[in-house]
Amino acid sequence: MNKTASTSSDLYPIGQLPELGVVPKSMYAYPIRRDRYGSPSQAFQREVVPVPQPGPGEVLIKVMAAGINYNNVWAASGKPIDIVAKHMRESGLDYHIGGSDASGVIWAVGPGVKKWKPGQEVIVHCNQTCGECPECNGGNPMYCNEQQIWGYETNHGSFAQFALVQAQQLMPKPPQLTWEEAAGPTLVLATAYSMLFGHPPHTVRPGMNVLVWGGAGGLGVMAIQLVRLAGANPIAVISSDSKEDYVLRLGAIGAINRHKFDCWGEMPNPSDEKAFKDWMDRVKPFGKEIWKYTGHGNNVDIVFEHPGESTFPVSGFVCKPGGMVVICAGTSGYKLTTDARMMWMRRKRFQGSHFANAAEANAANKLLINGQISPCLSEVFQFDEIPLAHQLMSENRHKPGNMSILIDAPRPGLKSLDECYRG
Ligand code: NAP
């Protein structure tokens, strides 16, 4: 039995739960500190830190499981944002507790929280906003001047026994999913949802063709499923034939191994005719490979971009006239190059996208609740494997799909607080 007697302790071992609503003074966490910036395996270390208190409009969550995302690979490196320096300026805290995905139980609510109560089982979307500006009230909260990603730009994410969130971040936990399944997908699912449906008129519709970079990665597995659900055709890019089965089973109509082509990186200057022709000669075979699935001469309606620098020039090329390249990251670098003629003459749209607003995140969560989207959980790690899971991700050695960490869920396979108390 993991439930502790009603007497409060200052610190509970991982996997041992206090009575509902009993908040200890301290908790275990895996913070990042400035003097440890570098590889995830050195940056994240287990520590005991104070449990945060919920302020107005805030909620304290007992974290059962956390999802792993690339953003805390960036946080561990201290680049491009020195995140701990930001926290020191804003709150005086000299550590960063990351983690932008969580499943858990509401443990305490701050003043003014009306809709949510201790004991409710929830997952969390990671968009924090001011809640008071016009964009938060009738506009798009992603345009709020105070918009930040919880557990990356803000502190007190899910890599700890307790996490602090704004009440508007809460969403019902899909009841049929285990804690670890529910913790994995929200950040990547909501981001992919917004990229594919949040930029009208370029929304995915039946029959469209969509090129999905990193088809076996966190974003990619969600994009493939969403495109399929919309009745359109996802074509997945992968880096190894071993990932082909996985993306085809998920719904991709084709898989292309990018290592079989040689057209990556910065586009040469279009004024340098020889270099540009040489580049085009290397890009065209990749474009033709796509036609194997879309039909001769059919470029894709939407390119789902996130590798950035290394792939963006090709994305612009393989997008059809009037189509859209939608981009949410620059994993390989931020310097995007293109040929402006291709963009204006062919009326292509290059669209930035960042996470999702609460309406989009909740719409995406409904698909999880209805069982229309799989969380694609590939691997579950223990609390002390937070550094390892991030290290694997930083080296692109993680398995296809999403990874989760058990925090206070005593073992895998449990779905409710009651089950956790029963052990
Ligand atoms: P992930 O699970 O690591 O998947 C990314 C995939 O991209 C990898 O599996 C890899 O697949 C592919 N890839 C890596 N380097 C590449 C390159 N040079 N060229 C082509 N493909 C490459 O990560 P993720 O969770 O999908 O996130 C991907 C990126 O998006 C990260 O930078 C993350 O920070 C960012 N992101 C941004 C937002 C936002 O709201 N702005 C939200 C989520 C994620 P193959 O090796 O099989 O090709």
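Analyst: Start with Pro 201, which lies in the loop between α5 and β10 (209-212). The model is predicted.

User: What makes the bond from Pro 200 to Pro 201 worth a remark?

Analyst: The peptide bond from Pro 200 to Pro 201 is cis, with omega near 5 degrees. Most peptide bonds are trans.

User: Which geometry does the bond from Lys 79 to Pro 80 have, cis or trans?

Analyst: That bond from Lys 79 to Pro 80 is cis, with omega near -5 degrees. Pro 80 is found in the loop between α2 and α3.

User: How do you know where the ligand sits?

Analyst: The ligand sits in the largest pocket. The label requires that more than half of its atoms lie within 2 Å of the grid points of the pocket. The ligand is therefore counted as sitting in the largest pocket.

User: What is the volume of the largest pocket, and which residues are closest to its centre?

Analyst: The volume is about 1200 Å³. Of its 47 lining residues, the closest to the centre are Tyr 70, Leu 219, His 306, Ala 329 and Thr 331. α2 (71-77), α5 (186-197), α6 (218-229), β11 (233-238) and α12 (386-394) each supply at least two lining residues. By class, the lining has 23 nonpolar, 20 polar and four charged residues.

User: Which residues count as surrounding the ligand?

Analyst: The cut-off is a heavy atom within 4 Å. 26 residues surround the ligand, and the closest are Ser 239, Lys 243, Arg 258, Thr 331 and Phe 355.

User: How much of the ligand does the protein bury?

Analyst: The protein buries 90% of the 910 Å² that the ligand exposes when taken alone.

User: Which elements build the shell around the ligand, and what are its classes?

Analyst: α5 and α6 are the elements that give two or more residues to the shell. The largest share, three residues, comes from α5. The shell has 11 nonpolar, 13 polar and two charged residues.

User: What is the volume of the second largest pocket, and what lines it?

Analyst: The second largest pocket has a volume of about 270 Å³. It is lined by 15 residues, and the closest to its centre are Glu 58, Gln 128, Thr 154, Asn 155 and His 156. α3 (83-91) and β8 (162-166) are the elements that give two or more residues to this lining. α3 gives the most, with four residues. The lining has three nonpolar, eight polar and four charged residues.

Methods
Residues numbered from 1 in each chain as written. Predicted model: local features only at pLDDT ≥ 70, side-chain atom pairs only at ≥ 80, totals over all residues. Heavy atoms only, no water. 1 Å grid on protein atoms, 1.4 Å probe; cavity = no way out; pocket = protein on both sides within 12 Å on 5 of 7 lines; lining within 4 Å. Points joined across faces, edges and corners; volume = space filled by probe spheres on them. Nonpolar A, V, L, I, M, F, W, Y, C, P; charged D, E, K, R; others polar. Areas by Shrake-Rupley, 256 points an atom, 1.4 Å probe, with all protein chains shown as cover.
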